[in-house]
Amino acid sequence: MGGQQGDERDESGMDISLKDLSRKLEEFAKARDWEKYHSPRNLLLAMVGEVGELSEIFQWKGEVARGLPNWEESDKEHLGEELSDVLLYLIRLADICGIDLGDAAAKKIVKNASKYPAKLF
Ligand SMILES: Nc1ccn([C@H]2C[C@H](O)[C@@H](COP(=O)(O)OP(=O)(O)OP(=O)(O)O)O2)c(=O)n1
């Protein structure tokens with residue numbers, strides 16, 4: 001599409017791919033000499049920690065309506081940040097383990113569809 005390429009597209013946050021995010025995370029770690037900390041186990045633990053932070057947002061609230069209509073914008077922003085932390089550590093973990101996460105996820109969706117055929121439900 002006209003003019004929407006590479007980093008220009010990435011800056012807008014639109015249509016960013018898992019591979020783009022993976023590359024940005026690698027650059028982030030390299031620039032800080034943090035690659036030594038990004039082992040599979042450390043990344044897994046960091047991700048689980050972020051899942052805990054994500055869970056805290058919903059803790060004690062009871063069930064909440066889809067779209068979170070009654071939430072403050074600042075709470076939604078916080079939710080977006082915690083969701084992102086989980087996603088980013090997951091992407092980094094997959095990358096460090098040599099797993100193409102986009103490819104693996106697409107294949108898993110196909111597998112799920114064959115395990116749970118729509119006509120049975
Ligand atoms: N060694 C590290 C530390 C951080 N990050 C990145 C991935 C996450 O997106 C984010 C996590 O940063 P924090 O550990 O500061 O966690 P929070 O942003 O949740 O801050 P806080 O725990 O203070 O709420 O930074 C990283 O890639 N590698």
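The model is predicted, so local features need pLDDT of at least 70 and side-chain atom pairs pLDDT 80 or more, while totals for chains, interfaces and linings use all residues. Residues are numbered from 1 along each chain as its sequence is written.

Let's start with the layout. The chain has five helices and zero strands; these are DSSP runs numbered from the N terminus (helices H or I, at least four residues; strands E, at least two).

Now look at α4, residues 73–96. Its 24 residues reach 34 Å from first C-alpha to last, close to the expected 34 Å, where the expected span is 1.5 Å times one less than the number of residues. Its buried residues are Y89, I91, R92, L93 and D95 (buried: 20 or more other C-beta atoms within 10 Å of a residue's own, with C-beta atoms placed from the backbone). Their cover includes α2, α3 and α5. Just after α4, G98 has a positive phi of about 75°.

Finally, find the ligand. Around it are F28, W34, Y37, E53, D85, L88 and Y89, each with its C-beta atom, placed from the backbone, within 6 Å of the ligand. α4 gives the most to this shell, with three residues. Five of the shell residues are nonpolar, none polar and two charged.

Note on methods: Buried ≥ 20, exposed ≤ 12 C-beta atoms within 10 Å, placed from the backbone. Contact = placed C-beta atoms within 7 Å. Nonpolar A, V, L, I, M, F, W, Y, C, P; charged D, E, K, R; others polar.
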